[in-house]
Amino acid sequence: MIVGLLAVAAARLVTTLLADRRQSVRRRVWILLLAPYFTPVLLTGYAYASFSLSLIHHPAVNTVFYSALLWWKFTPIAAVILHFTPSPISAEAMHCRRLTSASSKFGDWAFLLRAGCARGPIAAFTVVFLCAFAEFEMASLMVVKSWTVALFDAHAGGLALGESLRRMLGPLLCETAAIATAFVVLGRPKIIPARRSTGPRSHQWFGWCHLSLAFIFVLLIPAAMVLWGTLRGFGLLLENFVLSREIVASLLFAAGASTLAGLAAFGLGAAARGRRLAATGGKMILLAGVFAGLLGPLVLSLAVLAAVQLPGLIWLRSTPVPLVLTLGMVLLPMALVLKRVLEMSAHRSAFHMTTLMKKSRAVRELTWTLSTSGQFWALVLLFTWAYWDLTVSSILAPIGMTPVTVRLYNLMHYGQIAALSAMTCAAFAAPISIFLLALGTRRWWAPR
């Protein structure tokens, strides 16, 4: 709850930077804002594992540092929600209201609540609360006591599945209450782009400080530590590269899950706008998928694991279907947000003009810039998130197809070594190489 409150407070400062009139400034803000969120948790946890172990006799300091990392990592979620859910009443309108009425400060707050001005901050708080509450990978590597670590370790140690499900009932109730709050708050008005003023210079200064610290501690320092170890362990990696099968398995699982989430977000969204019966069915499936995805990977994975133990579904246990389906549901909320962002940033009239122009290489590049590039990068984000998943992969991966994150996570508990840093860097290089290859060959596969 503390992380959620701090994230909303920091996000309000960051949104003043997102309203800057200069495009170059807004681009830098977006890069600094989103980079920590899309940094794999496994990388951050691995980099600080040795540092946190030195604080094992100071659990309070270790927990504060872990909480700060969570704050820096999940503030982008709150900032994006606040950016796309602006207050329906401007500061100028509130000033006019004070001039025409003699209400007290409490009366102003009550009026703002009734008008829906709190829906953005409340929704941002609940979503950040869900992410911080269900976080597991970084807490495990940094030896932080949390319910996710306790439940995962007990289940991996041989705890009966029924007992694991019983222990997760309390956290499930907390997550359900938060999800219900988010649905109620966000379900009334439509999300629209924000138009804000830049705010005072003090707010901008604090916003830049927060973005810089988050970028340094969540991405820059961990990446530097891993790259430094890679330089020393690169020779060992070339002599004995043992992660090829695991990397291929992770790539296949990520491709299946991101495709499933994309089809559900775009296909069911189109069905929801069709006939009444199809619209009702599409909305119900979408709501069920979003609700399941927001429960977090640990709770959802244990529920799916219990489902595939049933007599009629037990044959699925040895297949990739449970893992891909669960990962797809975890990605579905993010896929819907990306879909909404693409819809709001679409250049429909400009794209229509390209269809009227004479076909050429320049027109294909323009078509890519106006339409296909946004869909491509949205798929890249979904693919990357699925590729670096650990919790779902650890619980539901079929025998003989161990994902690379599971292998790396098991090795990271033995400490930082040069060969392991090189393996981590190789795992990073695999999806990046695929993205660069797809980007370089887009003139052959992109729409013309």
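Keep in mind that the model is predicted.

Start with empty space. Rolling a probe the size of a water molecule over the atoms shows where such space is left. Here, a search of the whole structure turns up one cavity of 30 Å³ or more. The space inside the largest cavity comes to about 40 Å³.

What lines the largest cavity? Ser-250, Phe-253, Ala-254, Leu-323, Leu-327, Ala-386, Tyr-387, Asp-389, Ser-393, Pro-403 and Thr-405 do. By type, that lining splits into seven nonpolar residues, three polar and one charged. Three helices each supply at least two of the lining residues: α13, spanning 244-272, α16, spanning 321-344, and α18, spanning 361-387. Which helix gives the most? α13 does, with three residues.

Next, the core. The largest nonpolar core holds 109 residues. Leu-42, Leu-69, Met-142, Tyr-387 and Leu-408 have the most contacts inside it. The top contributor to this core is helix α4, residues 59-84, with 12 residues. Note Tyr-387. That residue is on the list of core residues with the most contacts, and Tyr-387 also lines the largest cavity.

Now the charges. How many salt bridges does a search of the whole structure find? Three.

Take helix α10 first, residues 161-167. Glu-163 pairs with Arg-166 in a salt bridge, at 2.5 Å from N to O. Glu-163 also forms a salt bridge with Arg-167, and there the closest N and O atoms are 3.3 Å apart. Why are these partners about one helical turn from each other? Arg-166 and Glu-163 are, because they sit three residues apart in α10. Glu-163 and Arg-167 are, because they sit four residues apart in that helix. Together, Glu-163, Arg-166 and Arg-167 are linked in a network of salt bridges.

Buried or partly exposed? Arg-407 has 29% relative accessibility, so it counts as partly exposed. Glu-246 has 12%, so it counts as buried. The cut-off for buried is under 20%.

Terms used:
Residues are numbered from 1 along each chain as its sequence is written. This is a predicted model: local features need pLDDT of at least 70, side-chain atom pairs count only at pLDDT 80 or more; totals for chains, interfaces and linings use all residues. Side-chain values use heavy atoms; hydrogens and water are left out. On a 1 Å grid over the protein atoms alone, a cavity is a set of points where a 1.4 Å probe fits but cannot get out, and a pocket is an open set with protein on both sides within 12 Å along at least five of seven lines; lining residues have an atom within 4 Å of a point. Grid points are joined across faces, edges and corners, and a volume is the space filled by probe spheres set on the points. Ala, Val, Leu, Ile, Met, Phe, Trp, Tyr, Cys and Pro count as nonpolar, Asp, Glu, Lys and Arg as charged, and the others, Gly among them, as polar. A nonpolar core is a set of buried Ala, Val, Leu, Ile, Met, Phe, Trp, Tyr and Cys residues joined through side-chain atoms within 4.5 Å. Buried means under 20% relative accessible area, exposed over 50%, partly exposed in between (1.4 Å probe, protein chains only). A salt bridge is a side-chain nitrogen of Lys or Arg within 4 Å of a carboxyl oxygen of Asp or Glu.
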